[in-house]
Amino acid sequence: MRVEEGFQPVPFVEGNPYTTDPALPGLLKRILPAHVFHDVSQDMERFGGEVLTTMRNMCKLATPPQLIQYDSWGRRVDELRTSEGWRGLKDIFVREGLVAIPYERKYQEHSRPYAFAKLFIAAADSEVTDCPMSMTDGVARVIELIGSPALKQDVFRRLTSRDPTDAYTAGQWMTERPGGSDVSRTETTATEVQGADASPYGAPYKIDGFKWFSSATDSDVALALARTGRPEDGSRGLSLFLIPVRLPLVRPPGSPRPSALTNNIFIHRLKNKFGTKIVPTAELSIQGAEAYLLGQPNQGVKLITPVLNITRTHSAVGSVAYLRKCLAIATAHSKGRAIKGGKQLLKDTPLHVAELAKLHVLYRALVHFVFGAVVLLGKTECGVATENESLRLRLLTPAIKAFAAEKCATAMEDCMSCLGGEGYMEENGISKLIPDGLVEKIWEGTVNVLSLDLVRATEKSPALSAFITWAQDILNSCPDSLAQSLGGPLAALRIALDVLADAYKAPMHPLLPRPALLLFAHMTSSLNLLEHAIWAVSTGQPDSATDVEVFRRWALEGGLDVALENVRRVKNASADRVQSDAKIVYGTADPKVTARL
Ligand SMILES: Cc1cc2nc3c(=O)[nH]c(=O)nc-3n(C[C@H](O)[C@H](O)[C@H](O)COP(=O)(O)OP(=O)(O)OC[C@H]3O[C@@H](n4cnc5c(N)ncnc54)[C@H](O)[C@@H]3O)c2cc1C
């Protein structure tokens with residue numbers, strides 16, 4: 001039989017990623033004022049079309065980067081070659097204002113949700129160019145907060161430009177060989193340049209060290225931590241620097257980009273990664289690079305926090321954005337694939353639709369959870385957040401990043417299996433998004449590392465009380481008519497709130513941070529869905545019954561009960577649980593005796 005003969009499979013058709021999304025338009029309608037929603041919706045619909053056409057075509061031109069270290073004369077050149085697709089996709093993001101919108105603040109605090117909504121529909125078709133955009137955004141924020149006027153004029157203006165010929169991108173160099181989650185053993189040193197002319201950008205320093213992961217290696221500037229204090233001071237001896245990745249720092253628009261060697265930065269090697277293969281992630285040997293101190297010396301870890309807050313939010317939005325595309329594909333496929341001798345479509349098969357419904361409930365919970373934090377980020381940046389909102393944002397940032405990465409990885413695999421064998425094919429995109437998305441479980445902190453950050457946030461401020469007040473307000477705001485039909489889930493949330501408050505009481509069991517973060521995330525996402533359902537019912541939205549059902553299912557069937565049980569189990573664990581974990585993993589034999597044998 002020739003391929004044209006016999007059964008011809010029907011490819012799925014994906015719709016506009018904005019207008020066909022089951023969660024985003026309704027969410028934006030609730031969180032944005034009517035006039036902003038009107039403008040934003042129009043732009044989102046247009047951009048959704050661009051994602052399906054211009055961006056997808058550009059993705060076809062994206063290939064892994066190449067590093068040419070030496071020329072034919074044996075000279076070190078460190079030429080980093082990125083593909084036309086990679087550069088083209090970055091240019092589209094610049095033109096679309098993904099970094100510019102939050103700083104132009106045309107819609108004040110609503111500019112943040114607007115920018116992240118655009119990223120949300122485009123990230124899965126961006127070949128991970130959202131990664132350098134996230135760092136560019138974070139670095140722009142730090143310069144906006146603590147940069148000198150000259151840095152704002154020459155660098156911030158370019159980081160937030162919409163003109164690709166003039167726009168700069170930025171990287172973030174924190175991770176070194178001794179540690180990424182823990183930077184206290186940072187080996188990179190910074191030495192003040194004595195007698196140098198004062199720079200309008202900040203006190204000039206020379207940087208020397210080895211940075212183990214640099215994803216935005218094709219960037220123009222980078223923020224880096226380097227040691228100005230003694231090694232024994234750990235992270236308290238680190239300062240924050242702006243390093244020009246290539247000199248001169250300021251170049252006329254459209255001029256060729258010099259090599260990083262111009263600032264004594266040697267690309268030691270490109271990383272050979274499991275995913276994100278189009279991203280030029282490299283190891284860098286820095287041998288006396290020119291840099292400018294930002295803020296006060298030895299305050300580096302504190303000063304870099306705004307970058308982490310922004311990149312972690314990007315990571316959370318990115319995780320859910322990848323799931324968005326996988327779920328859109330799985331849902332579209334169910335409308336065309338026939339089973340049972342060709343008599344029944346998957347979309348009419350309850351067992352299959354039940355799987356899709358479970359994924360859709362998770363997806364909606366994550367969208368509302370992540371954008372709940374994005375709204376607070378916008379308000380905080382514009383100085384209009386209440387104290388309660390700022391405190392809650394501190395808790396939410398590590399939680400959205402950890403929970404989204406954790407949940408989306410498995411959910412993307414489930415979407416893949418909804419397509420059967422076709423799901424495993426490279427061409428449809430799911431199989432590429434899974435390894436690309438998995439980096440979100442590691443970069444900017446694993447679940448465990450972020451769960452410890454959440455504990456720190458609860459220890460140092462009244463943030464948990466602020467969260468509890470907010471949670472009670474939402475629960476109490478449920479109108480009687482709705483509360484009657486939602487008795488079960490509302491009661492479950494009230495119990496979970498008590499358990500959560502108890503879990504974070506000091507001293508905390510050493511095994512509790514992770515299950516406590518997961519419980520916090522389940523609780524908050526449920527409350528975000530409840531908030532949305534209440535709004536939908538009270539404003540008579542056409543899909544309000546579905547919104548109520550999604551909340552009910554997520555609170556009762558989405559894993560809140562398991563998260564609650566896991567917290568209780570650890571709280572009631574016997575004192576030797578830590579030791580028995582070690583015995584399960586490493587065996588009971590005395591390690592010294594085993595070594596002698
Ligand atoms: C593709 C990719 C791109 C990257 N790009 C960049 C970049 O551009 N710039 C940059 O600075 N970094 C970058 N990174 C580095 C990344 O941020 C780090 O790998 C990450 O922070 C983890 O640090 P680590 O590799 O040292 O792992 P470790 O910190 O050694 O973690 C190993 C394990 O130990 C666990 N662990 C660590 N500390 C604790 C603790 N206190 N308690 C319990 N468990 C703990 C972790 O959960 C993890 O499971 C990138 C990484 C990847 C994979």
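**Entry 1: a pair of strands**

I began with Tyr70, which stands opposite Arg76 in β2. The model I am reading is predicted. Which way do strands β1 and β2 pair? They pair in the antiparallel sense, over 4 bridges. I noted their limits: β1 covers residues 66–70 and β2 covers residues 76–81.

Next I checked the hairpin these strands make. There are 5 residues between the strands, and Gly74 in this hairpin takes a positive phi near 80°. I also looked up Asp78, which is placed in strand β2. Asp78 has a positive phi of about 45°, although it is not a glycine. I wrote a reminder beside that: most residues other than glycine have a negative phi.

**Entry 2: cis peptide bonds**

I looked up two prolines. The bond from Leu247 to Pro248 is cis, with omega near 0°. Where is Pro248 placed? I found Pro248 in the loop between β7 (238–244) and β8 (265–270).

The bond from Ala506 to Pro507 is cis as well, and its omega is near -5°. Pro507 lies in the loop between α16 (487–503) and α17 (513–538).

**Entry 3: spans from the UniProt record**

The record lists residues 8–162 as "domain: Adaptive response protein AidB N-terminal", in an unreviewed entry. I read 59% helix and 7% strand over residues 8–162. The end C-alpha atoms of that span are 45 Å apart.

For "domain: Acyl-CoA oxidase/dehydrogenase middle", the unreviewed UniProt entry gives residues 172–287. How much of residues 172–287 is helix, and how much is strand? I read 0% helix and 37% strand, with 17 Å between the end C-alpha atoms.

The record also lists "domain: Acyl-CoA dehydrogenase/oxidase C-terminal" at residues 298–456, again in an unreviewed entry. Residues 298–456 are 74% helix and 3% strand. Their end C-alpha atoms lie 20 Å apart.

**Entry 4: helix α10**

I followed helix α10 from residue 350 to residue 381, a run of 32 residues. What distance does α10 reach from its first C-alpha to its last? I noted 46 Å, close to the 46 Å expected at 1.5 Å a residue. Just after α10 I found Gly383, which takes a positive phi of about 70°.

**Entry 5: the ligand**

I turned to the ligand last. There are 21 residues around the ligand, and I listed those that come nearest: Gln172, Thr175, Gly180, Ser181 and Thr446. I sorted the shell by type and got 9 nonpolar, 10 polar and 2 charged residues.

Then I went through some contacts. Ser181 has a side-chain N or O atom 2.4 Å from an oxygen atom of the ligand. Met174 uses its backbone instead: an N or O atom there lies 2.9 Å from a ligand oxygen. At Ser215, a polar side-chain atom is 2.8 Å from a nitrogen atom of the ligand.

How much of the ligand does the protein bury? Taken alone, the ligand exposes 970 Å², and the protein buries 64% of that. I also asked which elements give two or more residues to the shell. They are β3 (170–173), β5 (204–214) and α13 (447–460). The largest share, 3 residues, comes from α13.

Definitions and conventions. Residues are numbered from 1 along each chain as its sequence is written. Side-chain values use heavy atoms; hydrogens and water are left out. A residue is near a molecule or strand if one of its heavy atoms lies within 4 Å of it. A polar contact is a pair of N or O atoms within 3.5 Å; within protein, one must be able to donate a hydrogen and the other to accept it, and residues adjacent in sequence count only if both atoms are side-chain atoms. Accessible areas come from the Shrake-Rupley method with a 1.4 Å probe; for residues, only the protein chains shown count as cover. Ala, Val, Leu, Ile, Met, Phe, Trp, Tyr, Cys and Pro count as nonpolar, Asp, Glu, Lys and Arg as charged, and the others, Gly among them, as polar. The expected span of a helix is 1.5 Å times one less than its number of residues. UniProt positions are given in the numbering used here, feature names are shortened, and annotations may be inferred rather than shown by experiment. Two strands pair if DSSP finds at least two bridges between them.
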